[in-house]
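Please consider the structure shown here together with its sequence.

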Amino acid sequence: MKKAIALMLALVMTLALAACGGGSGSGGGSSKPAGETLTIFNSKMEIQSQMEEMAKQYSETKGVPVEVYYSSDTVAAHMATKYASNDPYAIAMVDAKDVYSLGAEHAADLSGEQWVGDTTQAISVDGKVLGFPVCVEARGVIYNADAIKAVTGKDFDPESIKTTADFQALINDLIAGGMAAPTGVMKEDWSLAAHFLAEVYELQDDPDAFIAGIKDGSIKLADDEVYNALMDTFDVLKENNYAKDAAISAERELTEQKLAEGEIAFMFGGNWDWDVINAYDYSENMGMMPVPSALSSANTKLVGGGSKYFYVDNGVSEELQQKAKDFLNWLVYEADGQDFLVNQCNLVPAYSNITLAVGNPLGSSVKAYADKGALIGNYNYLPDDHYAKCGAIFQKYLAGQIDRAGLAEEITAYWATAEVGAH
Amino acid sequence: MKQNTLSYKVKQYLMFAGPGTILFFCVVIIPFIYGVYLTFTSWDGVSATKPWVGLTNYAAAFADKDYWAALGRTAIYSVFAVVLINVLSFFLAYLVTSGVKGQNFFRSGFFVPNLIGGIVLGYVWKFVFNRAFVALGSAISGGTAPSILSTPSGAMLALIIVSVWQYAGYMMLIYVAGFMSVSEDVKEASSIDGCTASQTMWNVTVPLMRASFVQCLFLSITRCFVVYDVNLSLTKGEPFGSSVMAAMHVYNQAFTYKNYGLGQAEALILFLVCAIVGVTQVMIGKRGEVEA
């Protein structure tokens with residue numbers, strides 16, 4: 001009897017173990033049966049619910065099971081863990097720099113696809129098109145025209161603000177009119193370093209040469225015209241920040257709420273901020289304008305371009321890769337796909353054949369600038385630690401711990417050991 | 001059946017401890033060895049090739065100033081947190097074993113923070129520090145009061161407060177068990193011998209509870225050294241990277257900056273530091289253990 005029980009126990013344990021082993025095998029393997037499920041990784045948190053809805057509909061109408069995953073991790077970090085566990089997505093939405101770092105090894109060649117001819121934003125590595133631009137995003141100063149009009153009594157014309165002096169004058173008017181602090185500044189490292197500081201490189205004639213110059217010491221960042229012009233404007237934003245005394249603990253949601261409701265009038269950001277703003281009781285007339293500065297070549301243009309790229313994994317089965325390509329074509333060429341991109345997700349399409357009007361004010365500002373060719377391209381080759389390390393340095397500046405020269409010095413020190421990504 | 005033959009013992013071991021041993025090997029020992037192997041490569045975390053680079057990563061880890069700063073910060077944080085956690089939890093345990101009314105309610109109440117995950121807890125406290133305290137401070141002072149999360153020392157203080165709040169209840173349970181295990185006989189004997197209540201406490205109860213102290217110190221030291229979740233959700237290393245603890249630095253190094261080998265080497269150093277501190281503490285603690 002005892003023996004029988006012992007035997008049974010041992011059996012149960014073996015079974016449990018086998019189950020564990022089996023489980024990890026199927027979970028960790030890329031050996032899912034061919035053509036099973038089209039797995040899509042979404043790294044835009046704000047469109048996750050739309051993505052899930054779309055997956056359901058796409059599965060029904062096309063007969064291809066689609067599953068959408070999201071991770072709040074840094075994209076590169078999440079992809080690293082997926083590849084480490086040998087469980088790639090069929091389609092992954094990543095940032096431009098990730099296409100350069102992952103693409104050569106993991107992305108399928110999409111050069112033959114029709115949409116390549118309809119966009120200017122696709123990413124090619126070694127002559128092969130690897131990245132499908134999901135949307136166009138651009139950075140600039142977001143304004144609340146209703147809030148400005150309520151104080152000044154005049155319609156706000158964003159084109160009238162070109163230089164830092166124009167901007168300062170308007171801010172002075174707003175303060176005189178009773179708006180205590182007209183600006184907000186996001187303290188997030190990605191906003192400060194990856195978005196604002198990056199413009200210092202992007203507005204140069206040749207960003208590569210500029211960074212090389214900083215590295216070898218032939219260019220002094222502190223004396224650079226672009227750096228100083230942009231920092232002049234940043235100082236205006238910083239000085240008039242509603243959270244000036246506690247800039248470093250200001251929460252993004254609160255700042256955007258104030259902007260949406262007209263308590264403040266300006267914030268440096270991008271059209272993705274709409275997804276935060278529209279959660280609040282936002283004003284009708286909002287939009288984006290270029291960062292005002294003394295740089296006449298740049299103060300009429302937004303900075304941006306293709307943002308978030310899909311790539312098809314070359315490690316999954318041929319059949320699944322084909323389904324992935326079909327999906328990308330569906331997005332660009334079928335009414336449902338276009339509707340999903342533009343109307344459901346509120347994205348600015350990167351494809352010239354899509355003519356749907358962009359619904360949200362920030363997106364339509366971006367579309368307007370993009371249509372007239374007034375976009376300065378992204379510099380997609382910053383090192384992976386740039387946003388975190390320079391973000392921390394920039395936060396010190398925001399908190400008033402270092403001055404402009406100190407900021408330049410620390411950023412130069414960062415570049416002494418950093419290397420731009422291969423491109 | 002003979003019970004002292006080797007084959008009998010092996011069978012018995014395999015039957016009862018075998019599954020556990022195999023699982024332990026699969027999920028702890030093998031990944032650990034593989035991890036050690038990765039420290040000798042310059043793998044970036046995604047690439048298919050793992051080039052062998054020898055000891056380069058260790059050299060880089062020793063040269064990585066940010067890492068040593070993070071480790072030093074972690075040590076400071078751990079010292080404060082461990083002391084406060086243990087003082088507070090000992091005090092709480094004393095209170096809830098002293099026979100106050102509703103002591104079971106208090107016991108579970110103090111334990112609850114430990115049931116909330118570190119991530120959630122961090123966000124809750126972030127709200128408290130950034131909104132509630134700021135609103136309160138502003139109302140009292142009349143101006144805008146800065147959040148304590150906006151200064152490096154404030155962020156550190158916030159981390160310590162939250163960790164103490166999180167772990168005090170858990171350690172309290174161990175101390176409660178310690179208090180309960182000291183038999184009434186010896187306490188009564190000491191009071192008959194003329195001890196005051198506090199003399200009984202320091203000379204009888206506390207020495208007999210030494211095992212609880214060793215355990216609580218070990219648990220709190222090791223947990224504080226590898227703190228990550230509260231660090232991530234409460235401060236995320238901000239302001240200006242001044243609250244990045246060792247574990248967060250290791251994670252960033254391996255996954256965000258894509259230096260997997262280097263990150264792994266730094267993780268191994270963290271493990272060694274943690275193990276040395278923990279084991280030394282247990283050895284010292286055990287040496288003086290007394291039994292009634």
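The model is predicted. Between the two chains, 26 residues of chain A are in contact with 22 residues of chain B. On the chain B side of this contact, helix H1 (6–38) and helix H11 (246–256) are the elements that give two or more residues. Eleven nonpolar, nine polar and two charged residues make up that side of chain B.

Within chain A, two domains are assigned: domain 1 comprises 35–136 + 305–373, and domain 2 comprises 138–303 + 376–417. Their C-alpha centres are 28 Å apart. Domain 1 of chain A brings 16 residues to the contact between them, and domain 2 of chain A brings 19 residues. On the domain 1 side, helix H4 (96–106) and helix H14 (361–371) of chain A each contribute at least two residues. The largest share of that side comes from H14(A), with six residues. By class, the side of domain 1 that touches domain 2 holds nine nonpolar, five polar and two charged residues.

Attention now turns to the strands. In chain A, strand S5 (residues 128–144) pairs with S8(A) in the antiparallel sense, over four bridges. Within this pairing, A:Val141 stands opposite A:Met289 of S8(A). In a regular strand, side chains alternate between the two faces of the sheet. How do the residues of strand S8 (residues 286–289) of chain A point? A:Met286 and A:Met288 point one way, whereas A:Gly287 and A:Met289 point the other way, and all are buried.

Note on methods: Residues are numbered from 1 along each chain as its sequence is written. Chains are lettered from A and ligands numbered from 1 in the order in which they are written. This is a predicted model: local features need pLDDT of at least 70, side-chain atom pairs count only at pLDDT 80 or more; totals for chains, interfaces and linings use all residues. Two residues are in contact if their C-beta atoms, placed from the backbone, lie within 7 Å. Ala, Val, Leu, Ile, Met, Phe, Trp, Tyr, Cys and Pro count as nonpolar, Asp, Glu, Lys and Arg as charged, and the others, Gly among them, as polar. Domain bounds come from an automatic or database domain assignment. A residue is buried if 20 or more other C-beta atoms lie within 10 Å of its own, exposed if 12 or fewer, and partly exposed in between; C-beta atoms are placed from the backbone. Two strands pair if DSSP finds at least two bridges between them.
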